[in-house]
Amino acid sequence: MLVTIILQVTNWHFLTVPSSILALVGSALAITLAFKNQQCYARFNEGLTLAGQVSATSMVLANRLMSMVDRRDAATPSPGLREIFYRHFAWLTALRFYLREGRSWENTFDPGNVSFLARTPSPESHSALGEELKAYLSDAEVQKVMTHQGDKEGLILHWQYEAVRDLHAKSLVNEYPFTLLTAALDDLVRLQGALKRIKNYPYSRNYYSIAVILVKIFVLMVPFGLYSEARELGDPAGIGNWTAWLNVPFSVVVGWIFMSMEKVGENSSNPFEGNSNDVPISSITRRIEMEMRIMIDGKTDLKPIVAKDSILF
């Protein structure tokens, strides 16, 4: 609006930007945003894929435990078997809390995301890891996890290795099932590391910065470039001074498209923030727990995590 008023009042048309220059900058920006959005979506897609693999590997581990561990009585789990299941639930809980931790480069402080999270907070935002772990671990184990200075999730997985070793030592599993069980735990360790890599290492900040700078430059250029085009629409009918005001909506639409493309890509680059379009890690881990509880207990009272408006977390 300001640019259009200045150009209309002063007739300083030398300030306008040639359409060829605008098209050149716009093309360069489009390529940059396409590259950025593809890379950001790849991060989101990898996070979703890894979360799905955690689900699949968890079910593999559970099925191997139920079928390979000698339970003596088919209706009664072997000593330590239930503890392994519940310790896995503790690992899932610790992992999702870790993935929900804030990072300085994330977008949770953007006005739109702040508003969304205020209306629809993630399960981890109004709970505490220590309190939730009490449902799966003994008080002594919870204390060890919460005071552990290193990788809390890694500590729980280490206990799982020890539990499987104890099953083997007690002759509840022989050598081959022992190898298969530890292989499933190995897969969980690798998946945990891959998820943490996405969480802890952001999309390259230099590509992010150049995209933001180019978008701002382009949005500033747009009204100077479209002004002449808007006037030309009315020149044949002698109403160029009127059609020049079409520069305002034209500039708004074009600028909004490029700004939205940049923002969509950035909001996809950190898939575990808890925003509306992120990987629903809380829902995925809850579904895993429900399936495994049914396997070990025959039933479960847990319900899927579904936020209001059917948004998954």
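**Helix packing in a predicted model**

According to the UniProt record, an unreviewed entry, the feature "transmembrane region" is placed at residues 12–35, 206–227 and 239–259. The structure shown here is a predicted model, and the annotated spans can be compared with its geometry. In residues 12–35 the end C-alpha atoms lie 37 Å apart, and the span is 71% helix and 0% strand. For residues 239–259 the corresponding separation of the end C-alpha atoms is 31 Å, with 81% helix and 0% strand.

On the H2 side the contact involves Gly26, Leu29, Ala30, Leu33, Lys36, Asn37, Cys40 and Phe44, which meet Phe258, Met261, Glu262, Gly265, Glu266 and Ser268 of H11. Sorted by class, the residues of this contact between H2 and H11 are seven nonpolar, four polar and three charged.

A second pair is formed by helix H7, residues 152–169, and helix H8, residues 175–200, with axes that come within 10 Å and cross at roughly 175 degrees. Since an angle over 145 degrees counts as roughly antiparallel, H7 and H8 are therefore roughly antiparallel to each other. Among the H7 residues in this contact are Leu157, Tyr161 and Val164, and the H8 residues they and others meet include Phe178, Leu181, Leu185 and Val189. Overall, the contact of H7 with H8 divides into eight nonpolar, five polar and five charged residues.

The remaining pair brings helix H1, residues 2–10, to helix H9, residues 205–234, where the axes come within 10 Å and cross at roughly 55 degrees. That angle makes H1 oblique to H9, and H1 passes H9 in a right-handed crossing. Val3, Thr4, Leu7 and Gln8 of H1 make the contact with Pro223, Phe224, Tyr227 and Arg231 of H9, which gives five nonpolar, two polar and one charged residues by class.

Val9 is also found in helix H1. With a relative accessible area of 64%, Val9 is exposed, and its C-alpha atom lies 32 Å from that of Val212, a residue 203 positions away in sequence.

Key
Residues are numbered from 1 along each chain as its sequence is written. This is a predicted model: local features need pLDDT of at least 70, side-chain atom pairs count only at pLDDT 80 or more; totals for chains, interfaces and linings use all residues. Side-chain values use heavy atoms; hydrogens and water are left out. Axes are lines fitted to C-alpha atoms, for helices over the stretch in contact, and angles run from 0 to 180 degrees between N-to-C directions. Helices (H or I, at least four residues) and strands (E, at least two) are DSSP runs, numbered from the N terminus. Angles under 35 degrees count as roughly parallel, over 145 as roughly antiparallel, 65 to 115 as roughly perpendicular and the rest as oblique. A crossing is left-handed if the near helix is turned anticlockwise from the far one by less than a right angle, and right-handed if clockwise. Contact means heavy atoms within 4.5 Å. Ala, Val, Leu, Ile, Met, Phe, Trp, Tyr, Cys and Pro count as nonpolar, Asp, Glu, Lys and Arg as charged, and the others, Gly among them, as polar. UniProt positions are given in the numbering used here, feature names are shortened, and annotations may be inferred rather than shown by experiment. Buried means under 20% relative accessible area, exposed over 50%, partly exposed in between (1.4 Å probe, protein chains only).
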